[in-house]
Amino acid sequence: MGLLDATTVAVELRQDHGFVLLTMMLTIFLHFWFMAVKVSQARKKYGVKYPALYADSTVKDAQTFNCIQRGHQNSLEQLPHFLAVFAGAAVRYPLYASVAGVVYNAGKYVYFTGYSTGQPGARQRGAFSYFGIIALYVMNFMFANSLLKLAR
């Protein structure tokens, strides 16, 4: 059999896949409710009107608003990447992927709340989110390897 030969792999959903759904809901809540609401509240507090993405230097406390906005923006920029590696890992390793996803989300929460202080360096307290991403990378490589072995 060559690499292009068809191989079918059945996916069985187990009870642990429920944690995957909960982790996805946590991710959605964090990014689209918690962070988005904080940005909306900051817009009102600092008087930054739409469609401006960031406050200009004439706005009092522009740096604080910009840090809040940037914390959310950066998290949204990384979200497709997280979801892709989370989905791949969760098929084969639902519980471990969910734990890694919770670590990632906790890190993004700490990142966002630190950045929201107006002190950009405070965002680095959330750098442990990368442990979650790295764990998901490892799970994806392990899963890919197991699938490729099946194709041989």
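Which helix holds Ser129? The points below take up this and related matters.

1. Basis of the model. The structure is a predicted model, in which local features need pLDDT of at least 70, side-chain atom pairs count only at pLDDT 80 or more, and totals for chains, interfaces and linings use all residues. Residues are numbered from 1 along each chain as its sequence is written, and side-chain values use heavy atoms, with hydrogens and water left out.

2. Ser129. This residue lies in helix 4, which covers residues 129-150; helices are DSSP runs of H or I with at least four residues, and strands are runs of E with at least two, numbered from the N terminus. Ser129 is buried, its relative accessible area being 3%; buried means under 20%, exposed over 50% and partly exposed in between, with a 1.4 Å probe and protein chains only. Setting aside residues up to four places away in sequence, Ser129 touches Val103, Tyr104, Gly107 and Lys108, where contact means heavy atoms within 4.5 Å.

3. Overall fold. The protein chain contains 4 helices and 0 strands, in the order α-α-α-α along the sequence. Its radius of gyration is 19 Å, well over the 15 Å that the globule rule gives for 152 residues, so the chain is more spread out than a compact globule. That radius is taken over C-alpha atoms, and the rule is 2.2 Å times the number of residues to the power 0.38. The C-alpha trace spans about 65 × 30 × 25 Å along its principal axes.

4. Burial and contacts. Of the 152 residues in the protein chain, 38% are buried. Among contacts with a separation of 6 or more, 68% join residues 24 or more positions apart.

5. Met35. Helix 1 (residues 17-46) includes Met35, which is buried with a relative accessible area of 0%. Leaving aside neighbours within four places in sequence, Met35 is in contact with Leu30, His72, Ser75, Lys108 and Phe112.

6. Helix 1 and helix 3. The axes of helix 1 and helix 3 (residues 94-115) come within 8 Å and cross at roughly 10 degrees. Helix 1 is therefore roughly parallel to helix 3, a term for angles under 35 degrees. Residues making the contact include Leu30, Phe34 and Met35 of helix 1 and Lys108, Tyr109 and Phe112 of helix 3.

Notes: Axes are lines fitted to C-alpha atoms, for helices over the stretch in contact, and angles run from 0 to 180 degrees between N-to-C directions. Angles under 35 degrees count as roughly parallel, over 145 as roughly antiparallel, 65 to 115 as roughly perpendicular and the rest as oblique.
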